[in-house]
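Subject: Structure handover

Hello,

Please find the structure below, followed by notes on what was found in it.

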Amino acid sequence: MMEFLLDTSDLTTIKKYLDIIPLSGVTTNPSIIKKGGKVNFFAHLRKIREILGTQRTFHVQVVGTTTNQMLADAHRIRDKVGEDVYIKIPTNEAGLAAMKILKKEDFKITATAIYTTFQGYLAIEAGADYLAPYYNRMVNMNIDAAHVIAALSKQIAVSHVATKVLAASFHTVEQVDSSIENGAQAVTMGPDILATGLGLSMISGAVNDFTQDWKSIYGDTTIANLDVY
């Protein structure tokens, strides 16, 4: 099943799209938190968790740069937000070491800041539950993002592991489509991408045409209010 996640910490936006799309979860990072201004961090995260309920995933990133700092951040996040939170950890030396330790403690891990297949392969073996390759950032670095996602998806299938590719960092709807077409089991995008994908002028144009054709026959009424013939 395809998973669609929102990359935001805005409560109103989360509530809005929870009613619109089959929302699978929410991802955050320090840059996203910054957009909303300084908040009571843990209280805000608990509000997001409450909105999402227990059936959707919630991914929160550590900010420590050493293995010990990442471990400390991970424990604090889980203590304050809940056992089922996914801890986002950068896929570097310190992060991979932290992933191995945290998986032994039954933490849920999202390996983030992935730019290469090499990083992804190591994160898979470290036991990461999700891999978060940064699509648009790879494109900006002349890295074939589609190839990276396809290779990671293939390796997951070959290894028969439960890890999923959670593609992230999108600039266009086309990049989201490409990730899915190349095997990503999940995608996380900002609300701007969702709004663009669902707000195309040809969609509203088609809806307007249907409405006008209906009105030309039955007048200014809906099917629900139509008199029985």
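The largest nonpolar core has 57 residues, and those with the most contacts inside it are Ile-48, Phe-58, Ile-87, Ile-89, Met-99, Ile-109 and Leu-131. A nonpolar core here is a set of buried Ala, Val, Leu, Ile, Met, Phe, Trp, Tyr and Cys residues joined through side-chain atoms within 4.5 Å. Buried means under 20% relative accessible area, exposed over 50%, and partly exposed in between (1.4 Å probe, protein chains only). Helix α8 (residues 145-159) gives the most to this core, with 6 residues. A second, separate core of 5 residues includes Tyr-86, Tyr-130, Leu-166 and Ala-186.

Two notes on the source. This is a predicted model, in which local features need pLDDT of at least 70 and side-chain atom pairs count only at pLDDT 80 or more, while totals for chains, interfaces and linings use all residues. Residues are numbered from 1 along each chain as its sequence is written, and side-chain values use heavy atoms, with hydrogens and water left out.

On the fold: 8 strands form a closed barrel in the order β1-β2-β3-β4-β5-β6-β7-β8, with parallel pairing. Helices (H or I, at least four residues) and strands (E, at least two) are DSSP runs, numbered from the N terminus, and two strands pair if DSSP finds at least two bridges between them. On average, neighbouring strands of this sheet are turned by 25° against each other, direction ignored.

Strand β3 (residues 57-61) has 5 of its 5 residues buried, so it is largely enclosed by the rest of the structure. Thr-57, His-59 and Gln-61 are buried on one side of β3, and Phe-58 and Val-60 on the other. On one flank, strand β2 (residues 23-27) pairs with β3 in the parallel sense over 3 bridges, with Gly-25 opposite Thr-57. β3 also pairs with β4 in the parallel sense over 3 bridges, where Gln-61 has Lys-88 as its bridge partner. Further along, 3 bridges join strand β5 (residues 108-114) to β6, again parallel, and Ile-114 is partnered by Pro-133. Helix α8 lies across β5, β6 and β7 and runs at about 160° to β7 (axes are lines fitted to C-alpha atoms, for helices over the stretch in contact, and angles run from 0 to 180 degrees between N-to-C directions).

Ile-48 is in helix α3 (residues 41-52) and counts as buried because its relative accessibility is 0%. Leaving aside neighbours within four places in sequence, Ile-48 is in contact (heavy atoms within 4.5 Å) with Ser-9, Leu-11, Ile-14, Val-26 and Phe-58.

The whole structure holds 4 aromatic pairs. Rings of Phe, Tyr and Trp (its six-membered ring) pair if their centres lie within 6.5 Å; planes under 30 degrees apart count as stacked, over 60 as edge-to-face and the rest as tilted. One of the pairs is Tyr-86 with Tyr-130, edge-to-face at 5.4 Å centre to centre and 75° between the planes. Tyr-86 lies in strand β4 (residues 86-90) and Tyr-130 in strand β6 (residues 130-133), so this pair ties together parts that are 44 residues apart in sequence. Both of these tyrosines, Tyr-86 and Tyr-130, are buried.

Regards
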